[in-house]
Amino acid sequence: MYIEKELLNYKFCFFYPHRQRISGGLQYFYGIANYIALNSNVDVYVLNYKDSYINTLFDWSDKLNIINYEDKCEELDDSTIFLVYSNMLPLFLEKFSHLKNAKIVIIDFHLYGWQILFNNLGIKKNIVEQNKIFQLLYESQSLAFMDYSCWENTCKMSKLEYLKKYIPAFSLNKIPDVTIKRKIQQDDYIDIGYIARLDNDKIWQLINLLDNLYLLQSSKKIKVHIIGDGNCKSIIPFHHYQKRFEISLCGYLTKDELNNYLLSNVDFCVAVGMAALDIAMLKIPTVIQYYSEKKFFCNEFIFLHDCFDGILGGKKETFDKLNLQINNITQILQKIIENRDVIGEKCFQYAIANHSLRHSSLNFLDIALTTKLNIEICLKLKSIKKFVKELSIMKNNGYDASDYIKIKNEKFTNNIYLKIFFKKIKNFIQKRYNRKKISLNNDTVNEYKILNFTTLFKTFESHKRKLFCFHVPILDYDIPILKKVFNKNTISFKLFALIPLFHKTINIENKYNNIQKHYEYVRQDIKKAVLLGGKIRVGFFLVEVSQYDSLILAMENSTLFKPCVVIIPDVARKDRMIELMHTSYKNFSKKFQNVIMGYDEDNDEYLDYSNDFDIVFFSNPYQSMVHEKHFIWNFLNKKVLTCFQNYGFFTLIYGRTHIAQTPFYNSCWKIFVDSPENYQDLLIHQPIKAKNTFVSGYCKMDDLDNFIRTPSLRKRILLCPHHTINMKALAISNFLRYSNFFLELPEKYPEVDFIFRPHLLLFWTLKQIWSEKATNEYLNKMKSFPNVFYDDNKDFKQSFVDSDAIIHDCGSFTAEYLFMNKPACYMLKNEEQIQKDFLPIGQKCLENYYKAYCEDDICKFIEDVVIVGNDELAHQRAVFSKKLKMNFPKVGEGILYHIKEEIMK
C-alpha cells in the first residue's frame, strides 16, 4: 500500500473528457486513477462524460469517483492535483480557471499532441508563444512522458533537455485463461491480427502493413483480422487488398471477446500503443511499427521484446537512432513460422517487466508531488489567457469548444468577435432567404420568436388535411407539428412524431447525434440477440418498385437474416392507391418468399410494423407519399435501424437538394451510396457530411444479367420522356416540346422499331393538364404504329436489354443506361442545363452521351449513330461504364456483408 502523509493533503483528478467509445488514452487515465484509489486513502476522480462506455467496461473500484465533464464539478478545489493530456490543456484551463492554486501534471503520450495543442491555441506558426509554453513546463518540472520517443520528440521541438520522467503505458489485461484453446499453427496459412482505432492518426500504419503484405511473395495464404473501428475506415481500399489475401473486418470487440478471438484466431499481431501490451499479455507475438500521420511505405517492423524505454511506437528517425533490431515483413513471417510461441513468451515477459501499472502509478505520484505548475501560472501565458477568455465568450453565444476551434481557424480574420458577428450576419441572411423562398411557394407563413431565434409557422392545405409545421431557418426544413384531418363529416387533430428537438442551433452535424446515439444502443441489442441464436428481422417498405431485389434475395439465402417485404400504400395518389397495392403485392409475391400488406382494406387501417423489425429499408424519401406509420419518424424512437438507398442513381442536383439534404436522409442509420463521386458530393453538401453513408455501388441493377434479349433483326430505340412537365424544382422533361415530334418518328424511320417507355407517372400527370380524353387519344395514336411497342412494365431492364440505343431526358436513366454500354442521346434544353441541373457524376455520365438540343439533333443521332453505326463515343463509354458498375452484380451481397459487419462489431 502506497501511503505518505503528504498525499492526504491532496485530491487527484484525471482530466480526460473523450467522446470515443474506448481508446488507449482512456484506459491509461482510468487505470492509474483506479490503482491509486485502491491503494491509498486519498480522494481520486476521473473527469469524463457520464455516459462513457469505459465507465462500465472494467470493474473499477468503488473508491474511484467518475464525474461528468458537463457538470460544475464542485467536489474539486484548490487542493486538487490534475493529470492532463498535453493537447487538452486549454480546455482544462477554461473549465477550472477559478481554481488558481490547483496543481497540474502534463502527460505527453502522443507524437502529435503538441501540434494539436498549438493549432487549438492558434499559434501553429508562432514559435515565440510555443517556446513560452515549453519553457514554462520545463521550469515547473510538470511534464512527464509516456516513453522515450515522446521525450525525444518534445526535446527536439523545444530545444530543451527535459528530465526523463516516464509514466509508461501498461495493460489492464489479465494473464490469459489457460482453458482457452490456442490457435494451432497451419502449414499453408498464417493469420495476422491488427488492433487499433481506424481514425486518421492510426489508419496509415494499417495501410502500410497491408501494402507490405500485398507486395509479399509468399507460398502461404494470408488472412488479416482487423479489429477496431473509426471514422476513417472508408478511406482504406479493402477491395484492392482482397485481390491478394483475405481480410476479416471484426469491428470493435469487448475485452473478453477480444482476448478469446485473438487466442483462437491469430498467429501474431501488429499494433501500436497500449494495444500492443494487451496482445503481449496473451503471450501472442507482438510487432510494432512506425507512427505516421499520412500515407507512407516502410518495410521495417520491430518485435515488442526488442524495444526499451517504454517505446510502443515512434517516428522512423527515433528507431534509426536507437539502432533497434529491425525486420522486414518476410523476416517477421519466417520467425513466426519457426518460433511463434517462443516469441510470444518473450513479448509477455517484456511487457510485465517494463510496463507495470504499479510502476506507472507510483511514477505519477512522485511527479505530482514535485510539480510547481498551477492554473494561475498557466493563465498568465498570453495564448492560453486569450483561448480561455474567447472560449468563455463563445459558450455564452451557444458554441461549444469544437465549434470555437473550427471558427477560430477560419482564415478571414483572427478577431474572434468579428467572426461571431459574421456568423450572426450569415445566419440572418439565411433566414431571410428561407422566408422569401417559402413565400414564393405560396404557402401560408407566419413568423414567430421561438428559443431566441426567428422561425416560421407554415400551413400546407389539401382537400383532406391541413398540416401545420415549424420551419427551422438555419436548417432549411420543416418539422411537422400537427395535422388537421377532414374525414367525412368529422375533424380530428393528430400530433406528428417529431424529430428530436435539439438544444443547439449552430453545428448542424450535432443535430443528428441523438439519433445516431440511439442507433448504437439498438445495434448492441440486436447483436446480443444474434449471439443468443436469434435472426435479424429486416423489413423492406415498398410502394411500387424495388431497388433492393438482389439484397432481399441474398438475405433469403442467409442464415442470419429474415427479410420481409411490406407493401405500403401511396397516399399521394389516392385514386389508384388500392390498385397499385394489389399489383405490387402480386408482382413481389412472385419474387420473394415473405410478402405482407401494410394496409387493411376491409377496415381502412394503415398497419404499424414499427415493433416487428430490427432493420427497416425505405424505398422512397418523400413523406407526402406514405402514411406516417410507414415513414421514418415512426421508427426513430423504436428499436429499429433505418436504411436507404435511393430509388434512382443520383445524377441530378435535385437529389442533393431534395433528398440528401433532407432530415429523412440524415436521420437514417445507414445510407448506401451508388458511387464514390456522390460520396464526395455528400462530404461537402450533406448536413452530416456523409457520416451515415457507405459506398456500396448501385443495388438496383444487380439483376440486369438475368434478362435475356428478345431476338430481332431490326434496330430498336428506347424513347423515354420524363414526367416532370410541371415541376419547377425538377424541370428536365421536354415532353410538351417534343410530343408531336415523337409521333412523327415512327413514320419518319419505318426501318427502326421504337420502344415507347415514358416515365410511369407521365400520363397520370398529363391527365391533370391535357384532360384524360386528350391523354388517351395521344397514347392510342402512339400505339397504333406497327413499329412502336408501348412498355408500361414496372421494371425497365427488359427494355434496356432489348434496345440498341436510347433517347431520353430522365434523371436516373442517365447513369442506369450506361450499364448497357450502348449509344445514348440526352434531350437538353440548353448547354447551361448540364452545369445547372446535374451533379458531378451526372456531368461525367453526359460526357458519354450524344446531346440533343433540337429535333435535328435527335434525327442525327438516329441516322448516324443508330442506323449507320458511327458510334464515336463507343470506346470511352465502355471504359466509363466499367467504372460506373461498381461491385456489379454483387452490390446486394456487399450491402448484406456490410450490415452484418456493422451489427457484429
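A few ground rules. Residues count from 1 along each chain as its sequence is written, and side-chain values use heavy atoms, with hydrogens and water left out. Because the model is predicted, local features need pLDDT of at least 70 and side-chain atom pairs count only at pLDDT 80 or more, while totals for chains, interfaces and linings use all residues.

The expected span of a helix is 1.5 Å times one less than its number of residues.

| Helix | Residues | Length | End-to-end C-alpha distance | Expected span |
|---|---|---|---|---|
| Helix 18 | 513-531 | 19 residues | 27 Å | 27 Å |

Start with helix 5. Its buried residues (under 20% relative accessible area; exposed is over 50%, partly exposed in between, with a 1.4 Å probe and protein chains only) are Glu129, Gln130, Ile133, Phe134, Leu136 and Leu137. Down the axis of helix 5 they fall within an arc of 160 degrees, so they line one face; the arc is taken from the directions from the helix axis to the C-beta atoms. An α-helix has 3.6 residues a turn, so residues three or four places apart point the same way. The face turned away from the buried side carries the exposed Ile127, Val128 and Glu139. Among the elements covering the buried residues of helix 5 are strand 5 (103-108), helix 6 (148-158) and helix 15 (382-396); contact means heavy atoms within 4.5 Å. Just after helix 5, Gln141 has a positive phi of about 50 degrees.

Helix 18 buries Ile515, Tyr519, Val522, Arg523, Gln524, Ile526, Lys527 and Val530. Its cover includes helix 9, strand 18 (536-542) and helix 33 (891-904). After helix 18 comes Gly533, with a positive phi near 105 degrees.

Helix 9 (residues 255-265) holds Asn259, which counts as buried because its relative accessibility is 12%. Leaving aside residues up to four places away in sequence, Asn259 touches Asn173 and Leu282.

On to the cores: each is a set of buried Ala, Val, Leu, Ile, Met, Phe, Trp, Tyr and Cys residues joined through side-chain atoms within 4.5 Å. In the largest, with 164 residues, Phe14 and Phe364 touch the most other members. Helix 12 (residues 329-354) gives this core its largest share, nine residues. Apart from it lies another core of 107 residues, including Leu542 and Tyr817.

How values were computed:
Helices (H or I, at least four residues) and strands (E, at least two) are DSSP runs, numbered from the N terminus.
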